[in-house]
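Work through the exercises below with the sequence and the coordinates open. Each task is followed by a solution in steps.

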Amino acid sequence: MLTQRELFFSHVAQTSVEPLALEIVEASGINLIDIHGKKYVDLISGISVSNIGHRHPKVVEAIRLQTDKYLHLMVYGEYIQSPQVNLAKKITSLLPDHLSNVFFVNSGSEANDGAIKLARKFTGRSQIISCNNAYHGSTFGALSAMGSEEYKRWFAPLLPDFHSINFGNIDDLQFISSKTAAILIEPVQAEAGVYTANSEYWKALQTRCKETGTLIIADEVQTGFGRTGKMFGFEYAQFLPDIITLAKGMGGGMPIGAFISSKEIMMSFTDQPVLGHITTFGGHPVSAAASLACIEVIVNDDLISTVARKSEIISNFFIEIPLVRAVRAAGLLVAIEFDSFETNKKIIDACIKNGVITDWFLFCSKSMRIAPPLNIPEDDLLKALQTIKISIDSIK
Ligand code: PLP
């Protein structure tokens with residue numbers, strides 16, 4: 001009989017020629033357990049997803065209760081489904097008043113595609129500006145806004161009227177004009193390797209967008225739900241977006257995403273044409289129930305208040321290590337930079353061998369990603385950091 005590994009390589013589509021191919025049979029809290037019974041600390045939260053750890057009991061319970069009631073009923077938007085209604089009420093209660101209307105989808109790419117369509121429809125303009133080194137997803141809309149020619153060129157032609165500027169560069173904001181429907185921007189550039197911009201930049205962005213009637217879409221797919229030490233990344237960066245996009249940490253491990261705007265902006269989807277943006281599974285009731293439970297855990301357990309201290313522990317730990325070239329942190333989204341991808345890869349491999357999962361960033365392969373569940377106990381965090389130190393020492 002073929003093993004799971006053999007079947008995986010034969011029948012499950014691959015995204016690289018050398019996938020990690022860890023065979024995980026169970027996950028709970030901060031841990032993953034493989035087929036051999038080996039335990040790993042997930043120090044990247046499945047790439048900023050498991051913000052409250054894996055299989056949180058409150059999330060599992062919410063899923064169970066919802067499966068006792070109903071699964072899919074109808075394409076999104078037609079029926080009143082309480083998991084969606086309750087979730088929309090909860091999320092909007094955590095946002096500024098104007099971000100009051102939620103369109104549920106299934107993923108971050110879809111959220112960004114939906115937000116791009118919404119901005120074009122509402123403004124009647126076509127131009128979309130995004131930033132170099134930004135990752136917004138892999139569907140055609142999100143890909144057109146990606147800040148990497150290398151990732152885009154193989155799939156050309158992409159959508160017209162997408163332009164890139166440099167993140168954090170005030171002079172480049174002049175490219176935003178009365179032709180620009182929206183700027184799609186991450187409050188913290190995640191896949192670029194954790195880059196932030198100063199408050200002057202965000203003020204200038206906001207002013208320029210006001211002058212030109214351009215909407216600001218904040219891609220919160222990776223920064224949302226406490227990752228930066230605020231509930232949303234725009235609070236961390238300190239600006240007010242017109243639309244935000246969410247996914248990843250939103251579902252407590254279940255697939256769900258959303259884009260959120262004012263009722264006025266969102267109403268532009270209701271006519272010309274009617275049903276101009278629809279989805280079958282967006283806001284699936286089981287995912288929506290899981291998401292509400294996840295957000296309640298973040299809020300009720302006050303997880304966000306623990307982020308700054310843990311972030312500091314990580315930064316202080318690595319700054320002392322000679323092989324480390326730089327540390328960039330936005331809450332529990334941290335990049336540890338080495339001299340090269342080769343060094344970083346050796347360390348990441350040694351960490352995995354020693355039972356700690358880290359990773360690199362899509363557009364910054366010489367930096368190691370550290371983004372643990374927000375509720376990781378400090379003792380476990382310190383132990384994991386020691387394991388990384390041992391791994392670094394082992395490659396010298
Ligand atoms: N936006 C950002 C900032 C992301 O980091 C990602 C995924 O890594 C996406 C969008 C795309 O999300 P998804 O993979 O759910 O489509």
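Rings of Phe, Tyr and Trp (its six-membered ring) pair if their centres lie within 6.5 Å; planes under 30 degrees apart count as stacked, over 60 as edge-to-face and the rest as tilted. The model is predicted: local features need pLDDT of at least 70 and side-chain atom pairs count only at pLDDT 80 or more, while totals for chains, interfaces and linings use all residues. Residues are numbered from 1 along each chain as its sequence is written, and side-chain values use heavy atoms, with hydrogens and water left out.

**Exercise 1. Count the aromatic pairs and classify Phe232–Phe234 and Phe341–Trp360.**

Step 1. The rule gives 15 aromatic pairs.

Step 2. For phenylalanine 232 and phenylalanine 234, the ring centres are 6.0 Å apart and the planes meet at 5°, so this pair is stacked. Both residues are buried (under 20% relative accessible area; exposed is over 50%, partly exposed in between; 1.4 Å probe, protein chains only).

Step 3. For phenylalanine 341 and tryptophan 360, the centres lie 4.9 Å apart with planes at 80°, so this pair is edge-to-face. Phenylalanine 341 belongs to helix H13 (residues 341-353) and tryptophan 360 to strand S14 (residues 359-361), so the pair ties together parts that are 19 residues apart in sequence. Helices (H or I, at least four residues) and strands (E, at least two) are DSSP runs, numbered from the N terminus.

Step 4. Phenylalanine 341 counts as partly exposed because its relative accessibility is 27%; tryptophan 360, at 28%, is also partly exposed.

Step 5. Ring pairs also link Tyr76, Phe103, Phe104, Phe259 and Phe269 into a cluster.

**Exercise 2. Describe the second largest pocket and its lining.**

Step 1. On a 1 Å grid over the protein atoms alone, a cavity is a set of points where a 1.4 Å probe fits but cannot get out; a pocket is an open set with protein on both sides within 12 Å along at least five of seven lines; lining residues have an atom within 4 Å of a point.

Step 2. The second largest pocket holds about 640 Å³ of space. Of its 23 lining residues, Tyr76, Gly77, Asn101, Val102 and Phe103 are the closest to the centre.

Step 3. Helix H4 (82-93), strand S4 (101-105) and helix H10 (263-266) each supply at least two lining residues. S4 has the largest share, with four.

Step 4. By class, the lining has 13 nonpolar, eight polar and two charged residues.

**Exercise 3. Which residues line the largest cavity?**

Step 1. The structure has one cavity of 30 Å³ or more, and the largest cavity holds about 40 Å³.

Step 2. Its lining consists of His72, Met74, Tyr76, Gln81, Gln84, Thr280, Phe281, Gly282, Gly283, His284 and Pro285.

Step 3. Four of the lining residues are nonpolar, seven are polar and none is charged.

Conventions: Grid points are joined across faces, edges and corners, and a volume is the space filled by probe spheres set on the points. Ala, Val, Leu, Ile, Met, Phe, Trp, Tyr, Cys and Pro count as nonpolar, Asp, Glu, Lys and Arg as charged, and the others, Gly among them, as polar.
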